[in-house]
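Keep the structure open while reading.

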Amino acid sequence: MFPGVDGFHWSPAHITFLTVFGIVLMAIGTTMLIVLWRTLRDVRSGRGARIRWTEDFEDLPVNERLCRHALSGTAPGRVCPRALDCRECAEHPVYAAREISASAGIPCGLDYPAQRYYHRGHTWVEPLEDGCFAIGMDDLAQRIAGPIDQVRLPAPGETLHANGAAFTVSSRGRRLRLRAPMDGRVVATGGADQPWLVKVKPLEASPRLTHLLHGAEVSAWVRTELERLQVLVSPDATGPVLADGGMLHRDLPGAMPSAPWDEIAGAMLLEP
Amino acid sequence: MADMAWNAIVAVERKLKPRDAVRCPLPQFAAWLAPWMLLFAVGLYAGFLCLRDGLYHTNMDNRFVFGLWIFLDLAIIAFGGGAFFSGFLLYILRRRELGAIIRSAVLTGFLCYAGALLVLMLDVGQPLRAWFTFWHPNTHSMLTEVTFCISCYLLVLAIEYLPTILKNRQLRRIPQALVFGWELHRMMPVLAIVGAFLSFFHQGSLGGLYGVLRGRPFAFREGFAIWPATFFLFILSAIAVGPSFLIVVTRVVEFITRRKHAGGDVYRVLGRISGILLIVYVLAKSVDTIVWLNSTSPQSGFRAWEYYAWEPFGTWILFLEIAGLGLLPAIFLLYFSRTRPERLFVPALAACAGVALNRYVQTIQTQALSTLPFDQFVTYSPSWQEVAAFLGVIAFAVIVYSASYRYLNLFARSH
């Protein structure tokens, strides 16, 4: 059959057969090489973070992909078609104009300062006077994590991409990955004396934060998140019931150790 | 201590499952797998015996060279046609509805072809010389093309299945994994074309294998250029029955898991395509049979009806194959795909049975019939080793599919 084998003689059949299969094998091999090359290029260029988020977002359940205007009741049941990036959404300004800006206050004693912008994965951004932005974990995420043993922060000089990984925290052996709320280059990392964990210099001269929650809509979002949390903590119960106005425990996993905290953290922090 | 170990296993296992997917408890899953594992173990033992001692463990001989294993091979390769055909429909013809089941379709195809290769490995024997089939192939045999095509296509199916595996909850944490899967997904149209090309030729060559048997007038067919009519009939039957097999698999999975995985639109598309192609196949098969009855067989010195004098292979088998398990399922597939897609299971199953019967007739009936004056009608029944290996391959497919279903998202979450 092949050159080098005893008794082999080239014939038109051999040439046709080997050419066709050579082309097939080359097509498969070339495809794989192109895929590998593109993967390396994406990872190096930072496009990988966007791709990962697109893939993650597609695999989230519908109730985690709801549009921000669905949470506030302006567009009931609307699923976000843009992977939570309202900056490119043509319908966002239309729905935003219809929003009624009546803030109901943050429930359960949670601390959500009004000057911050919130990412649906429970991180926040705060503009600083020097033109940089502070990034941190919001109050609900801290309570879901419990006492934090270790924080892994990006090194100064690294680039964060919106919806990509920002930092990871470890608590009782569980590692939680939190998503970056905006694009930026890390200029400093925080410590125990700072409320923020990472300080970034935005990649654009005038960064747009329209994809983040701010102002009156934060309250509606936090309420929805608390309802979701209630269902996740006790999935076998009859469903969420009206709370009696108590404060949310600071260490939820410690208070309810039997709850499925891996799944809960995944659901709240938008990890499929 | 045992409780702690069990809890640790449950905790680790839980982390492998899709976060929001509803799956049965681990003990229930283990109980489901246990009989299949046992069957697989017995199959492995039977396969080991055949590879160690040779094919004398089987009831095949120099006259009956193809048995249960080749029948299984031909049937599951035809059923596996659903993978390439649905990939072709989704990625090339843009039938978006099929996106809901494409991962399951690819896995089904992969398991069909992996099973076929496992069985072929047993049938060929001499595992240390397996590479001979590639380096010293018989260039005059249709099986050469089949061997090359199946091996290449299994590779293509494994590549197509890779993005689904990389979406596992733990694997997706590797930063490059999802990016690689995404880039691979972008190249799926290329792989779909390669898969369709490979499938087209090996499905055809498997049919051609019988059609060129001039010494077996029951199977011999005239055709076009170097390809006998069976070459085209096998291709047509595989692409016709592939979507039906996907209906069967999806419905069985829905029944076992008690969850709906595909909407009526998916079943409608599969049922309609399968029904139309099955009608075309039945027509082509009917024409082929008429030509064979009136021309091909008499020219070989046999009146075709003589073949059916040998019981149990009476004419009923011909009518059952063409009408009972061909035309009728096609009509019901078309009817239910328009009216009641939830009722497509039975006609789809019947269509699969029809194509399986065709492969049985081609493999077993062809060899059983005598072709020379001093020849005898030969009966064949498989040995326990053949049956065990056959069931072992089925168990292998069930185990891998079950594990994939449990730890991966085989169906799009829109349903």
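## Helix 8 of chain A

The buried residues of helix 8 of chain A are A:Trp261, A:Ile264, A:Ala265, A:Gly266, A:Ala267 and A:Met268. Buried means 20 or more other C-beta atoms within 10 Å of a residue's own, exposed means 12 or fewer, and partly exposed lies in between, with C-beta atoms placed from the backbone. Six of the eight residues of helix 8 of chain A are buried, so this helix is largely enclosed by the rest of the structure. Helices (H or I, at least four residues) and strands (E, at least two) are DSSP runs, numbered from the N terminus.

What do these buried residues pack against? Their partners are helix 5 (139-145), strand 7, helix 6 (216-233) and helix 7 (252-255) of chain A. Contact requires C-beta atoms, placed from the backbone, within 7 Å. After helix 8 of chain A comes A:Leu270, with a positive phi near 60°.

## Model and numbering

The model is predicted: local features need pLDDT of at least 70, side-chain atom pairs count only at pLDDT 80 or more, and totals for chains, interfaces and linings use all residues. Residues are numbered from 1 along each chain as its sequence is written, while chains are lettered from A and ligands numbered from 1 in the order in which they are written.

## The six-stranded sheet

Six strands of chain A form an open sheet in the order 1-2-3-9-8-5, with antiparallel pairing. Two strands pair if DSSP finds at least two bridges between them. Strand 1 (117-118) and strand 5 (159-160) of chain A are the edge strands, and each pairs on one side only.

Strand 3 (residues 133-137) of chain A has four of its five residues buried, so it is largely enclosed by the rest of the structure. Strand 3 of chain A pairs with strand 2 (residues 123-127) of chain A over five bridges, in the antiparallel sense. Here A:Thr123 stands opposite A:Met137. The hairpin of strands 2 and 3 of chain A has five residues between the strands, and in it A:Gly131 takes a positive phi near 90°.

Strand 3 of chain A also pairs with strand 9 of chain A, antiparallel, over three bridges. Which residue of strand 9 of chain A is the bridge partner of A:Phe133? That partner is A:Val200. A:Val200 is also the bridge partner of A:Val186. Strand 8 (residues 184-189) and strand 9 (residues 198-201) of chain A pair over four bridges, again antiparallel.

Strand 6 (residues 165-171) of chain A pairs with strand 7 of chain A over six bridges. A:Phe167 has A:Leu178 as its bridge partner in strand 7 of chain A.

A:Pro154 sits in the loop between strand 4 (150-152) and strand 5 of chain A. A:Pro154 is partly exposed, with 19 other C-beta atoms within 10 Å. Beyond its neighbours within four places in sequence, A:Pro154 is in contact with A:Leu160, A:Phe167, A:Val186 and A:Val198. The C-alpha atoms of A:Pro154 and A:Gly164 are separated by 12 Å.

## Helix packing in chain B

Helix 4 (residues 81-92) and helix 10 (residues 229-257) of chain B pack at an angle of about 90°, with their axes 7 Å apart. Axes are lines fitted to C-alpha atoms, for helices over the stretch in contact, and angles run from 0 to 180 degrees between N-to-C directions. Helix 4 and helix 10 of chain B are therefore roughly perpendicular (65 to 115 degrees) to each other. From helix 4 of chain B, the contact uses B:Gly81, B:Gly82, B:Phe85 and B:Ser86. Residues from helix 10 of chain B include B:Ala238, B:Gly242 and B:Phe245. By class, this contact has seven nonpolar, four polar and no charged residues. Nonpolar covers Ala, Val, Leu, Ile, Met, Phe, Trp, Tyr, Cys and Pro; charged covers Asp, Glu, Lys and Arg; the others, Gly among them, count as polar.

Helix 5 (residues 102-124) and helix 7 (residues 142-166) of chain B pack at about 145°, with axes 9 Å apart. The residues of this contact divide into 13 nonpolar, two polar and two charged.

## Where the chains meet

28 residues of chain A are in contact with 28 residues of chain B. Helix 1 (12-45), helix 2 (47-58) and helix 8 (261-268) of chain A each supply at least two residues of the side of chain A that touches chain B. The largest share, 14 residues, comes from helix 1 of chain A. By class, this side of chain A has 16 nonpolar, five polar and seven charged residues.

Methods:
Contact = placed C-beta atoms within 7 Å. Parallel < 35°, antiparallel > 145°, perpendicular 65-115°, else oblique.
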